[in-house]
Amino acid sequence: MLTYIVRRILWIIPVLFFVSVITFVLMHAVPGGPWSREKPLPQATIDRLDEKYGLDEPIVVQYLNWVGPLIISNGEVSCCAGLLTGDLGPSYKYIDRSVNDIIADGILITVQLGAMAFLLSVAIGLPLGIIAALGHNKAPDYSATFISVIGISTPTFVSSILLIVVFGVVLGWLPTNALAWEEDPTAWILPIIALSLYPIAQIARYTRASMLEVTRRDYVRTAHSKGLGRRTVVIVHMIRNALIPVVTILGPILAFLITGSFVIEYIFSVPGIGRAYVTSISYRDYSMIMAMTMFYAVVIVMLNLLVDVLYAYIDPRIRYS
Amino acid sequence: MTEQTGAIEVGLPLERRKSTGLWSDAFRRLLRNRLAIVGGIFVIFLLFVAVFGPQLAPWPYYEQHLQEVIANGNRPLVPMQQIEGVDHVHYLGTDQLGRDLLSRLMDGARISMMVALVAQFVVIVIGIPVGAMAAWFGGKLDNFLMRITDIVYAYPDLLFIILLGVAFRETFFGRAMDGLLLVFVAIGLTSWVTMARLVRGQLLSLKEQEFVEAARAIGVSDRKIVNKHLLPNATGPIIVAVTLGIPAAILAEATLAFIGIGVQDPRASWGSLVADGQTYVRSFPHMVLYPAIAIAVALISFTFLGDGLRDALDPKLKGKQ
Amino acid sequence: MAVSDPETPLAGTEVSDLPDSIEVETEEGRRLAEQLADRSRHARKLLEVRNLSTQFFTRDGVVHAVDEVSFDVDYGETLGLVGESGCGKSVTALSLVRLVPDPPGQITEGQIIFDGIDILKLSRSEMRRLRGRKIGFIFQDPMTSLNPTLPVGFQISESARTHLGLSRNAAGDRAVELLSKVGIPRARDRMGDYPHQFSGGMRQRVMIAIALACDPMLLLADEPTTALDVTIQAQILDLIRSLSEEFGTAVILITHDLGIAAGMCRRVNVMYAGRIVETGIVDDVFENSRHPYAWGLLDSLPRITDVRASRLRTIEGLPPDLLDPAVECRFSPRCRYAQDRCRTEEPELTERPGEGHQARCFGTEPGGWIP
């Protein structure tokens, strides 16, 4: 298993390299450059801005400067800045703030939101799937399947709006935005629920499918032939085998929680980094868009690695091979 | 564990049960699945609306009935609202510019179906050849292609599409088809990887079978073997994957439209309709409700149909009850 | 080894009470001789199966997988259940422990008496107490029949903990004992290993250990060697034989391989299309078989005296569809001796020469047309 982990870790390097190249190329393909406005700025201003942010260097140099750690400026090499040193660069919109500052402001909130949504998704999704499978083709199955299909078929932004309307406006039970999250912790409730609807549905679906697969396996028959009780067979033999494949969707689920946070934070006005990202897109803050995209990409790649390692660990066939 | 045989032997009395091929077997199984039938009916309905929408819609999607809105006190019309002196009724109401919601919804159906087709077209055109080549030639080519898919897979989908959208938003490509072409292609570019992996997996297991060796021994060319023998056998899972990939594509387009990427005004997809209607959701919920229902119905239908196809084509069930 | 069944003649009489010799000329002697003969006939069997029928209710119709099957198994005896794929032998075994998947399968008629207990009348929890404890099952494919995510030691000790109430440690010790008894070297070290860390033959040994964990009275071995290499097959069969002898366990050995049946069993039942078509002592069935199907099976075995490159002999045709079988001898479509009667009437199992030798064929009956 160790070789597997090491290989996976080493593989991250080329992946992140390509991600950075693609991101960089895409941002520099935008016509008009980062300073174009409806009312064009004077050329002198543009030149000064270009020089300040190193945009007058050749493109390859710009890329290298972005990544770092060495900075080449007018033929001079200095150290140390750039992505590899953890420096995500400036924001073109908020002149005196760097991307690192902006992230530092909101990251805790976004992580809390995602973590709580994750826990809720697993806590509800897993049992839902198991119950559906055990009551196959009967009431529990139909209702759980119905709920999960609704869950995957309703876009997050739609369910968010509906939740706001029902619980915030009509019933008035819960606050409709999270700006006051420090004073009023109930402001968290709707965003967390809205974010976890899709993951709950997906986890339930996969768990159900996995459990049904396991039911057909020979070792379940062996367990019955040993005279074990149904509860024992389900808990000791079936669930542990069924959960292993479910781990594989944790990666996409975590990725969803991250990208889903964009929409949720936007709709509920949650002051996290997701909202900052969406804002940077509408304000064309290219430096920040690039930097945050890389940041998210790194996070997602790391999370996928974690999930792969977890999977290798819990499946004895991989762990002891 | 059934003990059925279904073959017919020359010289023996005919079996009482008629032998069936894979497709008719699967089709019968599909027809027994009520959810899949319901889904299929709605899918056909959506396709019908998509194709004949412009002819069937009461008005063009961009036509504004400003007089009626003004007469209503500068407010959008609710469904079936009758304005004095006007001889027609908007079945689903209008938006704040007096554009008929039903017509816009029908145009949105068009867009969603186009997303489905174009995105899956890209997926098929790229994914199947890549997967087939990787499986057939194996070795270095396989390795190389799989590494590329790893990289593409690692890049978070939504981020890539957003970047692509932002980068090309102002270009000709970005404005083609009211901004839709960009989104369709982008969605396809991020989803072909699962198809490639699927095809590769299928072909790898088929490749090992004896009939391939036999064909080669006779001297059938590689390309023919792949096209005539291997790929048709993989058609089942491919169809399922395409069908189940459609909800994801529609959802992606809706989410992007919601945050402002892709479709441009005055064209509206269901997602952008929700975004437009957000601000009026408390007083005029119909502007959000109907697009939301449309999205949900489309997603649910394709999901049921895809699930039904998967169950029907499951090779493990072949020949069994 | 008759048990004290009160209905048995001479119940309660010890062997030492009997006289050394019997004078059959006297009345008393004759009566005693009769009672002794009766006693061995009335002695209870470990397993008595009467008219067992198991059917599968499918969308296309009812499949008669097992059709009115009857047989006995004595305490400590090894019985063979022989037939090709699809003849119903596995379903029979599963029916004995009520493990037939329901839906779509169901035991529709018959009686199964195990050690005096009517199996079909037991409640689910009573049945569970029998499984593993009194009846052990060995399945065909050890790779898929063992749970890949649990250590082997745990899987063996599970039944001991459940049925015998042993503590975790005691059950663990017992598992180590069993592992070494089935021939796994360094048993204690390997207790924590997972199934994929064993070879095919060793996995089957683990399955045997699991089946014998609670010292059952009956072992159901469903094609225990089919998934293994030929070289390993002999080892596993020897293991089964020696263990069953040592513990006095009766064995029902299910196989399609006549050679295996011949080597392991005292009596054998040949099944075809859900019915028993021939039964008897192994020697009789093999050397003096009285059913065309069995002839076909025996004939199809390649022999060392065969001329090289000659074709293998097969039985023409395919087994019948078990959906609503017609009233006829089920083998008649493939039988070269079939006559009109075979196609309109189904034969019963009737006596043939040899102890307990029966066959289901009009043609081989005394006075029939097949010599």
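Biologist: How many salt bridges does a search of the whole structure find over all chains?

Modeller: The search gives 33 salt bridges over all chains. Keep in mind that this is a predicted model.

Biologist: What ipTM and pTM does the predictor give the complex?

Modeller: The complex gets an ipTM of 0.80 and a pTM of 0.81.

Biologist: And what is the mean pLDDT of chain C?

Modeller: For chain C the mean pLDDT is 85, and 92% of the residues in that chain reach 70 or more. Where pLDDT is low, the coordinates should not be read in detail.

Biologist: Let's go to chain B. How many helices and strands are there in chain B?

Modeller: Chain B has 12 helices and 0 strands. Read from the N terminus, its elements go α-α-α-α-α-α-α-α-α-α-α-α.

Biologist: What does the C-alpha trace of chain B span along its principal axes?

Modeller: The span is about 80 × 50 × 30 Å. Chain B has 321 residues, and 50% of them are buried.

Biologist: What share of the contacts in chain B comes from residues 24 or more positions apart?

Modeller: Counting contacts with a separation of 6 or more, 71% are between residues 24 or more positions apart.

Biologist: Now the partner. How many residues of chain B are in contact with chain A?

Modeller: On the chain B side 41 residues take part, and they are in contact with 42 residues of chain A. The area buried between the two chains is about 3,700 Å², and carbon and sulfur atoms give 80% of that. In chain B, the residues that lose the most area to chain A are Ile151(B), Leu159(B) and Leu163(B), which together make up 16% of what that side buries.

Biologist: How many salt bridges does the rule find across the interface of chain B and chain A?

Modeller: The rule finds 1 salt bridge across that interface. Asp307(B) and Arg205(A) form a salt bridge through their side chains, at 2.8 Å from N to O.

Biologist: Which helices of chain B each supply at least two residues of the side that touches chain A?

Modeller: Those are helix 5 (139-154), helix 6 (157-168), helix 10 (222-259), helix 11 (270-277) and helix 12 (286-313) of chain B. Helix 12 gives the largest share of that side, 10 residues. Sorted by class, the side of chain B that touches chain A consists of 28 nonpolar, 5 polar and 8 charged residues.

Biologist: Back to salt bridges, within chain A this time. What is Asp315(A) paired with?

Modeller: Asp315(A) forms a salt bridge with Arg317(A), and their closest N and O atoms are 3.1 Å apart.

Biologist: Is Asp315(A) buried or exposed?

Modeller: Asp315(A) counts as buried because its relative accessible area is 5%, under the 20% cut-off. Arg317(A) is partly exposed, at 36% relative accessibility.

Biologist: On to chain C. Which residue meets Glu77(C) in a salt bridge?

Modeller: That is Arg267(C), with 2.7 Å from N to O between the side chains. The pair links distant parts of the chain, 190 residues apart. Glu77(C) lies in the loop between strand 2 (61-73) and strand 3 (78-82) of chain C, while Arg267(C) belongs to strand 9 (residues 267-272). Both Glu77(C) and Arg267(C) are buried.

Biologist: What about Glu345(C) and Arg341(C), how far is N from O there?

Modeller: In the salt bridge of Glu345(C) and Arg341(C) the N to O distance is 3.5 Å. Glu345(C) is partly exposed at 37% relative accessibility, and Arg341(C) is partly exposed at 39%.

Biologist: Which residues are linked in a network of salt bridges?

Modeller: A network of salt bridges links Asp67(C), Glu68(C), Arg275(C), Arg330(C) and Glu346(C).

Biologist: Last topic, backbone angles. What is phi of Arg98(C)?

Modeller: Phi of Arg98(C) is near 55°, a positive value in a residue other than glycine. Arg98(C) sits in the loop between helix 2 (89-96) and strand 4 (105-114) of chain C. With a relative accessible area of 25%, Arg98(C) is partly exposed.

Biologist: And where is Glu223(C)?

Modeller: Glu223(C) is in the loop between strand 7 (218-222) and helix 9 (230-247) of chain C. Phi of Glu223(C) is positive, about 45°, although the residue is not a glycine.

Biologist: Why does Glu223(C) count as buried?

Modeller: Because the relative accessible area of Glu223(C) is 8%, and buried means under 20%.

How values were computed: Residues are numbered from 1 along each chain as its sequence is written. Chains are lettered from A and ligands numbered from 1 in the order in which they are written. Side-chain values use heavy atoms; hydrogens and water are left out. Contact means heavy atoms within 4.5 Å. Buried area is the accessible area (1.4 Å probe) that two parts lose on being put together, summed over both. A salt bridge is a side-chain nitrogen of Lys or Arg within 4 Å of a carboxyl oxygen of Asp or Glu. Helices (H or I, at least four residues) and strands (E, at least two) are DSSP runs, numbered from the N terminus. Ala, Val, Leu, Ile, Met, Phe, Trp, Tyr, Cys and Pro count as nonpolar, Asp, Glu, Lys and Arg as charged, and the others, Gly among them, as polar. pLDDT is the predictor's confidence in each residue, from 0 to 100. Buried means under 20% relative accessible area, exposed over 50%, partly exposed in between (1.4 Å probe, protein chains only).
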